[in-house]
Amino acid sequence: MTWSNWSGLEHATPSRVVAPASAEEIAAQVVAARAAGTTVKFTGTGHSFTGIASPGRGVQLLPTALTGITAVDREAMTVTAYAGMRLKDLNAALAGLGLSLHNMGDIAEQTLAGAVSTGTHGTGGVMAGLAAQLAGFTLVTGTGEILACSPDVNADVFDLARVGLGALGILVTVTFRVEPLFALEAVEEPMSWEEFHASFDDLAAGANHVDAYWFPHTDRLLTKRNSRLASLDEIEPLSRARAWFDDDFLQNTAFGALTAAANLAPGVIPRMNQMNASLLSARTYSDIAHRVFTTQRRVVFREMEYAVPRADGLAVLRECRRLLDRSDLRISFPVEIRVAPADDVALSTAYQRDSFYLAFHTHRAAEHRAYFALMEPVLRAAEGRPHWGKLHTLDSTALASSYPRFTDVLALRDRLDPDRVFANDYLRRVLGP
């Protein structure tokens with residue numbers, strides 16, 4: 001059986017594939033792999049663009065038997081679920097319970113383990129990253145020990161392993177702090193480049209969650225502002241026809257066909273982007289939170305994302321545009337722009353600093369390496385931190401200087417996985433051997 005990730009960039013042929021149904025079964029697989037001198041990797045849906053989840057030639061553990069909510073504590077306002085559950089399934093289940101996560105990213109296909117372990121984040125809010133919303137978790141270490149972790153139990157592990165990259169243990173359950181189900185109003189509005197730069201700080205201050213999409217080779221952006229409604233009774237969703245046309249047909253079917261065709265004639269991309277940007281129109285709608293936060297993405301792409309200090313973000317964006325305009329590259333996908341508050345998660349890209357995210361995309365059939373290589377030095381010069389699940393070229397030496405507690409994480413790795421049962425090529429590069 002061959003494993004590959006969603007983007008098609010990573011492939012592996014594991015020696016064995018197992019679908020464990022409990023922490024004890026996972027522990028047994030880890031102990032056996034350790035004794036045999038091989039590796040174990042708990043793979044999710046493959047939505048990381050890097051090889052962070054690659055099982056290599058070791059044992060691949062499937063998440064299919066580890067799904068569902070296991071506990072709801074309405075007094076503490078926490079929900080515990082198996083880590084193999086997909087984020088979109090958790091969202092639906094929480095909504096049925098009248099509950100919601102505070103924030104999330106715009107893709108919900110990932111397993112909870114994968115989304116948490118790679119530092120998946122949303123934009124704005126009090127907590128942007130999923131890991132910052134954790135109240136606890138259970139993991140299996142590289143020696144087969146089953147650890148329950150929270151701020152009160154195994155607090156040192158909880159502190160450092162909330163974004164653990166899959167290197168510190170296999171997540172079995174995760175416990176999120178939740179809140180009553182809420183609704184968001186989304187206001188989408190096209191803007192000029194100059195208008196966006198002049199008003200961005202006010203936009204970010206005036207809404208709960210803000211992101212934007214700049215169309216390369218144009219002066220146009222699409223902004224999206226999500227603000228909380230006082231009551232669920234106020235929601236006014238898009239009609240089924242409008243939602244299908246805008247979000248399914250235009251953003252997936254038509255956009256996918258256009259960008260695929262443009263790969264064959266890159267010279268048309270600036271004109272195509274100008275046309276697409278000119279067709280942008282304002283719209284306002286509202287719905288329960290996860291339906292506004294998340295979007296279905298059927299067009300397969302490649303992505304690199306960095307978090308730079310919030311105060312430097314707009315200047316970094318301008319420099320990225322300057323370099324792209326001077327190059328002969330033709331880029332058909334928008335650049336996504338988001339912001340996040342500082343958190344206390346050691347390997348979070350927002351650790352101890354308010355952050356400005358810049359995400360660069362290409363169609364899966366387009367050459368992404370030259371584009372990302374052009375942008376990455378600018379992001380690194382601004383003390384950028386790459387998203388762990390998205391493409392970048394940094395190794396452990398470069399990353400150590402970006403994270404004040406990097407050596408603490410490495411020491412915990414030595415303790416929890418002394419024989420590197422969870423290692424793979426990506427982890428050897430970013431954490432060292």
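Biologist: In which strand is Glu 185 found?
Modeller: The model is a predicted one, and the secondary-structure elements are numbered from the N terminus. The strand that holds Glu 185 spans residues 183-192 and is β13.

Biologist: Is Glu 185 buried, partly exposed or exposed?
Modeller: A residue counts as buried under 20% relative accessible area and as exposed over 50%. Glu 185 has a relative accessibility of 32%, so the residue is classed as partly exposed.

Biologist: Which residues form the negative surface patch with Glu 185?
Modeller: Patch members must have over 30% relative accessible area and no salt bridge. Along with Glu 185, the negative patch is formed by Asp 233, Glu 234 and Glu 236.

Biologist: What is the area of the nonpolar surface patch that includes Phe 249?
Modeller: Phe 249 belongs to helix α6 and is partly exposed, at 30% relative accessible area. Trp 244, Phe 245 and Leu 250 make the nonpolar patch together with Phe 249, and its area is about 370 Å².

Biologist: Which residues does Leu 258 touch, not counting residues up to four places away in sequence?
Modeller: Leu 258 has its place in helix α6. With a relative accessible area of 33%, Leu 258 is partly exposed. Beyond its sequence neighbours, the residues that Leu 258 touches are Met 272, Met 275 and Asn 276.

Biologist: How far apart are the C-alpha atoms of Leu 258 and Gly 56?
Modeller: Along the chain, Leu 258 and Gly 56 are 202 residues apart.

Biologist: With which residue does Arg 283 form a salt bridge?
Modeller: A salt bridge requires a side-chain nitrogen of Lys or Arg within 4 Å of a carboxyl oxygen of Asp or Glu. For Arg 283, the closest N and O atoms of the pair are 2.9 Å apart, and the partner is Asp 247.

Biologist: Why does the pair of Arg 283 and Asp 247 tie together parts that are apart in sequence, and by how many residues are those parts separated?
Modeller: Arg 283 is buried, at 9% relative accessibility, whereas Asp 247 is partly exposed, at 23%. Arg 283 lies in strand β16 (residues 283-288) and Asp 247 in helix α6 (residues 240-262), so the pair joins parts of the chain whose separation in sequence is 36 residues.

Biologist: How many salt bridges does a search of the whole structure find?
Modeller: One of them is between Arg 162 and Asp 159, with an N to O distance of 3.4 Å. In that pair, Arg 162 is buried at 6% relative accessibility, while Asp 159 is partly exposed at 23%. For the whole structure, the number of salt bridges found is 28.

Biologist: Where is Thr 349 placed, and is the residue buried or exposed?
Modeller: Thr 349 is located in the loop between β18 (335-340) and β19 (355-363). Its contacts beyond four places in sequence include Ala 307, Tyr 357, Arg 385 and Tyr 403. Because its relative accessibility is 5%, Thr 349 is classed as buried.

Note on methods
Residues are numbered from 1 along each chain as its sequence is written. This is a predicted model: local features need pLDDT of at least 70, side-chain atom pairs count only at pLDDT 80 or more; totals for chains, interfaces and linings use all residues. Side-chain values use heavy atoms; hydrogens and water are left out. Patches are made of residues with over 30% relative accessible area and no salt bridge: like charges are joined within 9 Å, nonpolar side chains (Val, Leu, Ile, Met, Phe, Trp, Tyr) within 5 Å. Accessible areas come from the Shrake-Rupley method with a 1.4 Å probe; for residues, only the protein chains shown count as cover. Lys and Arg count as positive and Asp and Glu as negative; His and the chain ends are not counted. The place of a charge is taken as NZ of Lys, CZ of Arg, CG of Asp or CD of Glu. Helices (H or I, at least four residues) and strands (E, at least two) are DSSP runs, numbered from the N terminus. Buried means under 20% relative accessible area, exposed over 50%, partly exposed in between (1.4 Å probe, protein chains only). Contact means heavy atoms within 4.5 Å.
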